[in-house]
Amino acid sequence: MFKIEQFKSTSTLIVGLIITSLIIIVIYLSLSAKNAEARIVLLPGDLSVTKLGKNVYMENCASCHGAVLEGQANWRQSDADGYLPAPPHDETGHTWHHPDSYLFLITKYGIEEMIGEKYPNNMPAYEDKLTDDEIIAALSYIKSTWSARIQQQHDQINARAISK
């Protein structure tokens, strides 16, 4: 009888340690993901990054968002199927209204993943098509085309997002 009770208490201890370890791992991974998101920084002043970014943009984004970032016509109005045309990434669009981390995540995972529900759109997720560095480079290229005033406003948006 003593050995069975000792076995039960040892089993309970092991199960408790496993559950505690799993909880610690989940907390660590969620904090790591948040920290990784906060560390996304575009590099519009780095010529080697923006040169790569321009190539990535032209190969993957320009067909919808335009070779000069102009977007598609009537981009604020849904088409007959409920889809919004691709918005411009120049200063006339809303790209610069979002922090670096949001732009990165929406490019990598897609809007549906970001909002957690179906959303009519044609923007693919690039998680399996581009590396993180290529996504950052493309976004850095886009930001490098904005005026100094818009880049400064975007930097302020980033500062507010990081301080939250």
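Colleague: How many salt bridges does a search of the whole structure find?
Modeller: The search finds 2 salt bridges; please note that the model is predicted.

Colleague: What makes the contact between Asp 132 and Lys 108 a salt bridge?
Modeller: The term requires a side-chain nitrogen of Lys or Arg within 4 Å of a carboxyl oxygen of Asp or Glu. For Asp 132 and Lys 108 the N to O distance is 2.7 Å, so the pair meets the criterion.

Colleague: Why is Lys 108 called buried, and Asp 132 partly exposed?
Modeller: Buried means under 20% relative accessible area, exposed over 50%, and partly exposed in between. Lys 108 has 12% and is therefore buried, whereas Asp 132, with 34%, is partly exposed.

Colleague: How do you know that Lys 143 and Asp 155 form a salt bridge?
Modeller: The closest N and O atoms of Lys 143 and Asp 155 are 2.5 Å apart, and the limit is 4 Å. This pair links distant parts of the chain, with Lys 143 in helix H6 and Asp 155 in helix H7 (residues 148-163), 12 residues apart.

Colleague: Is Lys 143 buried or exposed, and how does Asp 155 count?
Modeller: Lys 143 is buried, because its relative accessible area is 2%. Asp 155, at 41%, counts as partly exposed.

Colleague: Which residues form a nonpolar patch on the surface?
Modeller: Leu 84, Met 114, Ile 115 and Tyr 119 form the patch, with about 300 Å² of accessible area together. Met 114 is placed in helix H5 (residues 111-115).

Technical notes: Residues are numbered from 1 along each chain as its sequence is written. This is a predicted model: local features need pLDDT of at least 70, side-chain atom pairs count only at pLDDT 80 or more; totals for chains, interfaces and linings use all residues. Side-chain values use heavy atoms; hydrogens and water are left out. Patches are made of residues with over 30% relative accessible area and no salt bridge: like charges are joined within 9 Å, nonpolar side chains (Val, Leu, Ile, Met, Phe, Trp, Tyr) within 5 Å. Accessible areas come from the Shrake-Rupley method with a 1.4 Å probe; for residues, only the protein chains shown count as cover. Helices (H or I, at least four residues) and strands (E, at least two) are DSSP runs, numbered from the N terminus. Buried means under 20% relative accessible area, exposed over 50%, partly exposed in between (1.4 Å probe, protein chains only).
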